Amino acid sequence: MINRLIIVFIVFVFNTILACGTCYGDPNSSAVNGMNWAIIFLLVTTGGVLSGFSLSIMSIAKRAKKYNKEARVIIGGGAVSVLSLIHI
């Protein structure tokens with residue numbers, strides 16, 4: 001009997017506790033508008049930071065690829081890296 005009461009409590013009470021203002025309140029209230037703008041702000045901030053990281057990694061990869069192409073020196077008809085020239 002107690003198990004059934006707990007299940008009924010969980011099903012009916014937690015639905016109203018966890019409900020958002022749009023579902024169980026006035027969707028035009030200032031609290032709901034503030035919550036919506038907060039969600040948009042967090043999504044834009046997260047997307048901006050992740051975009052910045054990905055662009056930085058792509059830029060570093062592009063520079064490394066360009067540096068590796070420029071670091072080759074042609075000596076005697078063969079390609080020799082700059083590091084091997086330092087050890088000569």
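## A side-chain contact at Thr46

In this predicted model, the side chain of Thr46 comes to 2.8 Å from the backbone oxygen of Leu42. Thr46 belongs to helix 3, which covers residues 30-70.

Is Thr46 buried, exposed or partly exposed? Its relative accessibility is 44%.

## Overall architecture

The protein contains 4 helices and 2 strands. Along the sequence, these elements follow the pattern α-α-α-β-β-α. Helix 1 spans residues 2-17, helix 3 spans residues 30-70, and helix 4 spans residues 82-87.

## Burial and surface

How much of the protein is buried? Of its 88 residues, buried ones account for 2%.

## A nonpolar patch

On the surface, a nonpolar patch is formed by Ile2, Ile6, Phe9 and Ile10. Together, these four residues have about 390 Å² of accessible area.

Phe9, one of the residues in this patch, is located in helix 1. Its relative accessibility is 46%. This value lies between the 20% and 50% limits, and Phe9 is therefore counted as partly exposed.

## Confidence of the prediction

The mean pLDDT of the protein is 75, and 64% of the residues reach a score of at least 70. Which helices mark the two ends of the confidence range? Confidence is highest in helix 3, with a mean of 90, and lowest in helix 4, with a mean of 52. The contact between Thr46 and Leu42 described at the outset involves a residue of helix 3, the element with the highest confidence.

Methods:
Residues numbered from 1 in each chain as written. Predicted model: local features only at pLDDT ≥ 70, side-chain atom pairs only at ≥ 80, totals over all residues. Heavy atoms only, no water. Buried < 20%, exposed > 50% of the residue type's maximum accessible area, 1.4 Å probe, protein only. Patch = residues over 30% accessible without salt bridge, like charges linked within 9 Å, V, L, I, M, F, W, Y side chains within 5 Å. Areas by Shrake-Rupley, 256 points an atom, 1.4 Å probe, with all protein chains shown as cover. Salt bridge = Lys/Arg side-chain N within 4 Å of Asp/Glu carboxyl O. Polar contact = N/O pair within 3.5 Å; in protein donor to acceptor, adjacent residues only side chain to side chain. pLDDT = per-residue confidence, 0-100.
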